[in-house]
Structures are given as structure tokens and as C-alpha cells.
Amino acid sequence: MSVEILGGLGRKEPAGILLHRGGRRYLLDAGAGLGVDCPFDINALRPDAIFITHDHSDHIGAMAAYGGDAAVYATAATARRLPGRHDVRELPLNGAIDVDGITVTTGRAGHAFGGVWLHFGVGAGLLYTGDFSRESRLFAFDEPPAADLVLADASYGLYDDDLRSGQRQLLDCLAVSDRVVLPVPTSGRGIEMILWLMALGLEDWGPDDALREAFFTFAKDCKGHIPPAMEPEISKACDLLDGINPDAPRILLMSDPDLDGEIDPYEGRRFLFTGHVPPKGKALLKAGQGAALRWNVHPRMRDLRWLAVKTAARRFVPLFTGLGERDAWQGLVDPAQLVVEPQVEIA
């Protein structure tokens, strides 16, 4: 098998990994967005099968343009969010299936509702994490098996502060802000923030209608996706949410992290970005109408080191980040070999 990295090597851009084996092509994720051109044409690739790790646009956005008939492998929760109509085959949250004689093992990735990592039983093993986090108290994370080659989400680069640090900074910012809006994804950070704000006992906050409905949808089907100890908290949150959504809250959670819609209705509010800042967001920051903080949903430096050791990787590819500090990256994953080339062979 050979691996071709189409998107995400050396920069933050839409995800796309192409596996070649015996004349067949397997596409891992099919992203678009992030304010950059998609680095590949999904239809020109002619994949024989497509594997999707989770439902965020930079991992599924290109599926809207896909007109082929390849089988699309995704968990049930992710499949419901795929744009377009496709021949979907269900991936387990934590289990294994056979695809063309290859054992494909999955585990929960700790990043989003229905999100998984993918392990392919070829050679000494290939692991593609998609986006992952070991810090979420809501979304469960399953430890992956050994793999000779690891292609890992490294969206935060060599950043190593923990989630609690970011939460403290966000809380300080909210305490001194008048009217703010936080753009958040509906299947990940947005759900986590609803629970966090409830636990803090803050008043005068609320999600927009889309995020509110997404939370109720999540609550109906969250068993197996989250640690069992969280289930009573989710049930309680549903009861509380009915009375927590005022018409014009001081703190608004908005279900449009990429600011694809109109932002004029939010004039007079300050935007607080806790993840990727889209082009419209960068303009707001430049105009002094917002701030960029961080709510960890990707691995820290220590998590990447843990992953390299846990998998006993011989080769390690950091994805979705700049790789200018080569020596620091090599030291982080040592004794694995740091891979920064778009083509990798698996014996």
C-alpha cells in the first residue's frame, strides 16, 4: 500500500488522504472550507471507497460535490450529517470491519459526536486519527493499537497548555464582556460549552435554535459515545435547557463556526473565537470586534508524544499544522521518524 497526503501536510487545510492498494483507491476524509481552496478534486480521484472520521466541514465538505458511487464508511451519527446522497456503510464506534480483505479498526476520537480514528491492518499497521482529543470529559477517547505509520491530527502544533487553562481565560473574558457571540460547531465544542455554562451557573446565556436542537438530538443518541458517568448530566441538561434560551442573551452560542451565514444580525456584539478563525472572523479581529481564545479539541504536544509512544510508531506524520520547527518535531516523536513528504510507502 502507498499513502498520498492530499490535504493537511504542513498547513491547516481540508483533510484528504488517499490510500493505494492493488489498483484500488481509498479516500480518508473529504474536507472543504477553512477559507482555502480544496486541495483535491474528489471526483477526479475516482475513489473505490471513502472513509469519514467525523462530520466537521474540513473533513466532509467535499462530499457535497461528490457524484460517484463509492461506498462511504461512517458512523451512524456522522452519516446523518453527510451532504448529498451516498451509499453509506456503517462504521462501529469501537470495533472492526473487513473492507476488501483489510481489517479496519475504529475507536472513539474524543473530538466530536460520532467521531472516530481509523486503523488499517496493512503491513505493520496504519493509523489515521482524524481530529482527536484526550481532554474532553464529554466525548470518549479509545486508545488506538500499535501502528508502524501514524498520520496524526496536530492542529495546535507544539502548543501544550491544557483545556482548563483555556476555560479560565474564556471565563475571564466573558466576565468583562457586554454582548458576545461564540461561533461553535454543533457536534463538538458547542455541546461541551452548553454543559460547561450550565455547570458554572451563569445567567443570561443561550444557544441559537440550531445548536439547541442539535443538543437534543445528541442527547437522544449519546449512549456509547460518552462516558456512562456523563449520561445523568446530559439528561439533566435537557430539562434545564428549555428555560435557558432567552430571546437576546448576553452570551450567545452561535451554530456557524465558519461564519458562512450573515453576521449583520449580530452587529454590536463582540465575537469570541475558540477554534479556527475563518476569514470573516479575521476581519472582525482586525477591526477590534473580537478576540481569539482556545478551547482545546485537538491534541496538545504531550498528547502527540503519548500517541507516538503508545502506538510504537516507526514513522509519524503531523497533519493540519506548520512544520517549520523540524528539530522540535523530530525530538517530540523520537525514536519514530518524522515524515514530511506527501508520499509514503507501507511494506
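**Salt bridges in a predicted model**

The side chains of Arg24 and Asp100 meet in a salt bridge, 2.8 Å from N to O; the term means a side-chain nitrogen of Lys or Arg within 4 Å of a carboxyl oxygen of Asp or Glu. Arg24 lies in strand β3 (residues 24–28) and Asp100 in the loop between β7 (95–99) and β8 (102–108), so the pair ties together parts 76 residues apart in sequence. Helices (H or I, at least four residues) and strands (E, at least two) are DSSP runs numbered from the N terminus. The whole structure holds 15 salt bridges.

This is a predicted model, in which local features need pLDDT of at least 70, side-chain atom pairs count only at pLDDT 80 or more, and totals for chains, interfaces and linings use all residues. Residues are numbered from 1 along each chain as its sequence is written, and side-chain values use heavy atoms, leaving out hydrogens and water.

- Arg24 has a relative accessible area of 33% and Asp100 one of 40%.

**Arg81 and Asp55**
- The closest N and O atoms of this salt bridge are 3.3 Å apart.
- Arg81 sits in the loop between α3 (76–79) and β6 (87–90), and Asp55 in the loop between β4 (49–51) and α2 (57–60).
- Arg81 is partly exposed at 41%, whereas Asp55 is buried at 6%.

**Arg134 and Asp303**
- Their salt bridge spans 3.4 Å, N to O.
- Asp303 belongs to helix α9 (residues 301–311), 169 residues from Arg134.
- Asp303 is buried at 1%.
- Shared partners join Arg134, Glu135, Arg300 and Asp303 into one salt-bridge network.

Conventions: Buried means under 20% relative accessible area, exposed over 50%, partly exposed in between (1.4 Å probe, protein chains only).
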